[in-house]
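Have a look at the structure first, then read on.

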Amino acid sequence: MNTRLTYLSARLLGPVLLPVRFAVLMFHFRMGRVRAARARGDRGAISIELALAVIALVFVAGLVATALYALNKKVVDKVNEDPNLPGAGGPTP
């Protein structure tokens, strides 16, 4: 049962985490290019590649913040729909 649950959670979270996986791959690619530029001694390329890596990380952070904000809004709306929940603003039993 535990193996099935692990497999199912991986299958469900895989598409959700696809942008994060893409950003991690992009970050590793950029860092590889930084290492290659460092080996060549090209300081301009190092600066550009590091800047692009930072942009990729900021983009991922923005995606995560947007997802959390959307989840927060969805949960608040669902709580406000059900007046029987404590703290929802409706009558309590």
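Take Arg-33: its relative accessibility is 41%, so Arg-33 counts as partly exposed. Keep in mind that this is a predicted model.

## The overall layout

What does the fold pattern look like along the sequence? It reads α-α-α, with 3 helices and 0 strands in the protein chain. The helices α1, α2 and α3 cover residues 2-16, 18-40 and 43-81.

How much of the chain is tucked away? Of its 93 residues, 13% count as buried. The chain exposes about 7900 Å², and 68% of that is supplied by carbon and sulfur atoms.

## Salt bridges around Glu-49

The whole structure holds 3 salt bridges. Glu-49 takes part in one with Arg-30, where the closest N and O atoms sit 2.8 Å apart. Glu-49 belongs to helix α3 and Arg-30 to helix α2, so this pair ties together parts that are 19 residues apart in sequence. Are these two partners buried or exposed? Both Glu-49 and Arg-30 are buried. For Glu-49 the relative accessibility is 6%, which is why it counts as buried.

Glu-49 also meets the side chain of Arg-33 in a salt bridge, at 3.5 Å from N to O. Here again Glu-49 is in helix α3 and its partner Arg-33 in helix α2, so the pair ties together parts 16 residues apart in sequence. As noted above, Arg-33 is partly exposed, whereas Arg-30 is buried.

How far apart are they along the helix? They are 4 residues apart in helix α3, so about one helical turn separates them. Lys-73 comes out at 49% relative accessibility, so it counts as partly exposed. Asp-77, at 36%, is partly exposed too.

Back to the Glu-49 group for a moment: through shared partners, salt bridges join Arg-30, Arg-33 and Glu-49 into one network.

Now for the greasy side of things. Leu-13, Val-16, Leu-17, Val-20, Val-24, Val-64, Leu-68, Leu-71 and Val-75 make a nonpolar surface patch of about 750 Å². The elements giving two or more residues to this patch are α1, α2 and α3. Which of them gives the largest share? That would be α3, with 4 residues.

Leu-68 is one of the patch residues, and its place is in helix α3. With a relative accessibility of 54%, Leu-68 is over the 50% cut-off and so counts as exposed.

## The largest pocket

The largest pocket has a volume of about 180 Å³. Its lining is made of Val-16, Leu-17, Pro-19, Val-20, Val-60, Leu-63, Val-64, Ala-67, Leu-68 and Leu-71. What kind of residues are these, by class? The lining has 10 nonpolar residues, no polar ones and no charged ones.

Helices α2 and α3 each supply at least two residues of the lining. The largest share, 6 residues, comes from α3.

Methods
Residues numbered from 1 in each chain as written. Predicted model: local features only at pLDDT ≥ 70, side-chain atom pairs only at ≥ 80, totals over all residues. Heavy atoms only, no water. Patch = residues over 30% accessible without salt bridge, like charges linked within 9 Å, V, L, I, M, F, W, Y side chains within 5 Å. Areas by Shrake-Rupley, 256 points an atom, 1.4 Å probe, with all protein chains shown as cover. Salt bridge = Lys/Arg side-chain N within 4 Å of Asp/Glu carboxyl O. Buried < 20%, exposed > 50% of the residue type's maximum accessible area, 1.4 Å probe, protein only. 1 Å grid on protein atoms, 1.4 Å probe; cavity = no way out; pocket = protein on both sides within 12 Å on 5 of 7 lines; lining within 4 Å. Points joined across faces, edges and corners; volume = space filled by probe spheres on them. Nonpolar A, V, L, I, M, F, W, Y, C, P; charged D, E, K, R; others polar.
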